[in-house]
Amino acid sequence: MSGGVDSSVSAYLLKRQGYIVEGVYMRNWDTTDESGVCTSDQDWKDVQTVCKQLDIPCRQFDFTKEYWLQVFTRMIEDYENGITPNPDVMCNREIKFGWFLDKCLGSINGKDKENTWIATGHYVQLERTDSGRVKLMRGVDVTKDQSYFLSTVAEQNLQRVIFPVGNLHKKQVKSIAHVANLETANKKESMGICFVGKKRKFSEFLEQYVIPKSGDIKTLDGIIIGQHRGLFSYTIGQCARIHYGPDRHVWFVLRKDIKNNSLIVIPGSTNPLLFSSKLVAKDWIWSWGEPPKGIEGGINLLTQLRYQQPAVNTKICSRSDGKYIVEFSTPKRAITPGQNVVVWDGNWCLGSGIIEQPLIN
């Protein structure tokens, strides 16, 4: 339970269905390091209040060490290397459906294990095949579907999992919370990464962990038109906050030259150079442990490069080096190295890879 309405309603629904329910709160960040910026203290209080309302026990698991080592430090390393990672995807794989799952199920044996399940408030669904395999499916509410963030969770880690609100729309979940008079019924959704806080920019937060190294901002012709404070504070396609040239064009980030610590920019947010119809992706994780059949020759799947971005038809083809070529029917803007490219067969989430680079058309 996160202290939000989705997991609160999940616990409520499970108890109504006859399950013996226990609420567990995961503490993944040390608020003392951030002067209380993170809302974890209040979230834990809300979990306790809801559990008291539902008359179920609750406890807290501390994964701050695991989160630091397996999610946060990896994220910092990626930013230092000039790429833009997705820590939420990493957290689901390593912590929520990794350490948390192991801790809950690790000490359970025999029949008790067969009757023990983990539930979360994610807006996704599971479909079980006749052979016992599990498919990760999109949630009914397409505006809240979170299969993108669970795209690297292996099938075996979903075998003992339930998603009680995956077949509901957000409005229905809020309505249930109000009818049940749950403490979290009117709580605002958390946005962004918890430890960053609401009053500062992400780049300001990163400066505490990544040593800023200033460098040149250059045009494609190599003309220096400004200075950056550190490549980590920029992402592909964003405005570089520079006006240069006779027409005082606004310039946008095309790429990062890590070797020379330079930021390469071009004028105009719709500049054709910001668009590409192909990319190379590496480090693929397939839900069922292997890629779909026929991918060696190229197959058509649905793809998203960002959360809540409309899924589009793509052709995906494997290479002999273990990487994959993803080809779009129409060029996509600001393809960003380090982000996840997630693929579906209809509503079935097959897995995802890490964008290595866009390919020049």
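One aromatic cluster brings together Trp29, Tyr67, Trp68, Phe72, Phe205 and Tyr209. The model is a predicted one, where local features need pLDDT of at least 70 and side-chain atom pairs pLDDT 80 or more, while totals for chains, interfaces and linings use all residues. Residues are numbered from 1 along each chain as its sequence is written, and side-chain values use heavy atoms, with hydrogens and water left out.

In total, 20 aromatic pairs turn up (rings of Phe, Tyr and Trp, the last by its six-membered ring, with centres within 6.5 Å; planes under 30 degrees apart are stacked, over 60 edge-to-face, the rest tilted). Take Trp29 and Tyr67: their ring centres are 6.4 Å apart and their planes sit at 85°, so this pair is edge-to-face. Trp29 is buried, at 7% relative accessible area, and Tyr67 is buried too, at 8% (buried is under 20%, exposed over 50%, partly exposed in between, with a 1.4 Å probe and protein chains only).

Charges meet charges as well, in 12 salt bridges (a side-chain nitrogen of Lys or Arg within 4 Å of a carboxyl oxygen of Asp or Glu). In one of them, Arg59 pairs with Glu22, with the closest N and O atoms 2.6 Å apart. Arg59 is partly exposed at 40%, and Glu22 is partly exposed at 39%. Another salt bridge joins Lys187 to Asp43, at 2.7 Å from N to O. Here Lys187 is partly exposed, at 25%, whereas Asp43 is buried, at 13%. Through shared partners, Asp43, Asp46 and Lys187 end up in one salt-bridge network.
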